[in-house]
Amino acid sequence: METDSSGLDSDLTAPAPHLIQGFTLEGLLGQGGMGLVYRAIQQRPRRPVALKLLRATAVSQRAMRRFEREAEILGKLQHPSIARIYEAGVIEAGTDAAGAPTPYFAMELIDGVGLCRYAEANDLPIEDRVELFITVCDAVHYAHEQGVVHRDLKPANILVDHSGQAKVLDFGIARVTGSDQTLTTMQTDIGQLLGTLAYMSPEQVVGDPASIDARSDVYALGVTLYELLCGKLPYNINPNSLPEAARIIREEDPAPLSTHDRAMRGDLETIVGRCLEKEPHRRYASAEALAQDLRRYLSSQPIEARPPSGWYQTTRFAKRNKVLVVGLAAVFVTLVLGMLGTSLGL
């Protein structure tokens with residue numbers, strides 16, 4: 001987790017260290033709607049950890065299941081670019097007035113910063129950013145091979161430590177696929193959005209969990225790569241207007257990378273564009289396929305992705321601008337009929 005030197009937040013109630021046997025809390029690292037994450041020292045073995053606790057105000061059967069599922073998912077993922085989990089348990093005497101049990105898990109403490117912040121702080125050239133991003137793709141592909149779709153990939157959930165090692169975090173809303181899905185995956189209601197809007201795929205903003213698979217993560221990787229390379233997001237969306245933001249993601253084409261930096265024109269722009277295709281079947285089929293094309297780009301080999309054809313771009317334009325196209329077609333037909341009538345009259 002990213003270190004917050006400010007220590008414990010005075011507005012939040014920190015559980016007393018003795019309530020968590022074997023851990024000593026040192027400071028608050030971060031917080032979300034469901035959980036609090038503390039920097040802590042595990043006594044046996046003695047090592048720094050990130051200790052995540054479910055908020056007392058968020059305790060419910062549904063929240064408990066999601067929290068437990070995140071611990072289960074992290075427990076099955078063993079990859080150098082995915083934060084490891086060390087221990088999980090329940091604080092029997094909770095931190096709220098009712099003393100409700102509070103689940104927790106201890107995970108690897110990543111002393112680093114977000115992916116884009118790291119690249120900017122170290123002024124990484126394009127090639128180094130791509131190489132770093134390939135390690136992220138490898139980690140995501142590994143998770144997919146284990147049947148785990150992250151569903152919330154973004155630069156803030158990818159930390160880079162001081163050695164330059166990227167680590168994927170926060171599998172709190174991950175979806176498990178495969179034969180054990182009914183046992184390990186909490187049902188998400190249709191219409192419920194989980195994730196971060198700016199990085200959601202078109203099928204994810206619809207809110208239908210059945211349509212989300214590894215290719216949704218590929219889309220989020222594309223948004224992340226776009227931001228990593230040019231410092232901007234592919235869409236200008238207003239998170240306060242959810243319907244309009246969802247429409248933009250589903251219908252409008254992203255600004256090409258080269259509009260921000262002409263050096264991105266060519267293969268790199270094509271690779272990112274393929275990740276951001278609206279239809280899942282037009283994207284890379286896997287994070288591994290994306291990584292392979294990025295490796296081809298770095299070694300100056302021909303990439304597999306190809307720019308969209310002129311016909312496909314025309315049909316996309318027609319779908320987005322039905323009224324305009326119908327109007328132009330009507331004008332065209334009127335002109336043709338007028339010319340034909342004039343010719344016959346002659």
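A cavity here is a set of points, on a 1 Å grid over the protein atoms alone, where a 1.4 Å probe fits but cannot get out, and its lining residues have an atom within 4 Å of a point. This is a predicted model, in which local features need pLDDT of at least 70 and side-chain atom pairs count only at pLDDT 80 or more, while totals for chains, interfaces and linings use all residues. Residues are numbered from 1 along each chain as its sequence is written, and side-chain values use heavy atoms, with hydrogens and water left out.

**Stop 1: a cavity.** Select R151, D152, L153, G195, T196, Y199, M200, Q204, D217 and A220, which line the second largest cavity. Its volume is about 40 Å³, where a volume is the space filled by probe spheres set on the points, joined across faces, edges and corners. The lining divides into four nonpolar, three polar and three charged residues; Ala, Val, Leu, Ile, Met, Phe, Trp, Tyr, Cys and Pro count as nonpolar, Asp, Glu, Lys and Arg as charged, and the others, Gly among them, as polar. The structure holds three cavities of 30 Å³ or more.

**Stop 2: helix α7.** Now select residues 242-251, which form α7; helices are DSSP runs of H or I with at least four residues, strands are runs of E with at least two, and both are numbered from the N terminus. Its buried residues are A245, A246, I248 and I249, buried meaning under 20% relative accessible area, exposed over 50% and partly exposed in between, with a 1.4 Å probe and protein chains only. They cover an arc of only 160 degrees around the axis, so they sit on the same side of α7; the arc is that of the directions from the helix axis to the C-beta atoms.

**Stop 3: the nonpolar cores.** Such a core is a set of buried Ala, Val, Leu, Ile, Met, Phe, Trp, Tyr and Cys residues joined through side-chain atoms within 4.5 Å. In the largest, of 78 residues, I82, F133, F171, L221, L290 and L294 touch the most other members. Centre on F133: leaving out residues up to four places away in sequence, F133 touches L115, L221, T224, L225, L228, L290 and L294, contact meaning heavy atoms within 4.5 Å.

**Stop 4: S300.** Finish in the loop between α9 (287-298) and α10 (310-320), where S300 is found. S300 counts as exposed because its relative accessibility is 67%.

Terms used:
On a 1 Å grid over the protein atoms alone, a cavity is a set of points where a 1.4 Å probe fits but cannot get out, and a pocket is an open set with protein on both sides within 12 Å along at least five of seven lines; lining residues have an atom within 4 Å of a point.
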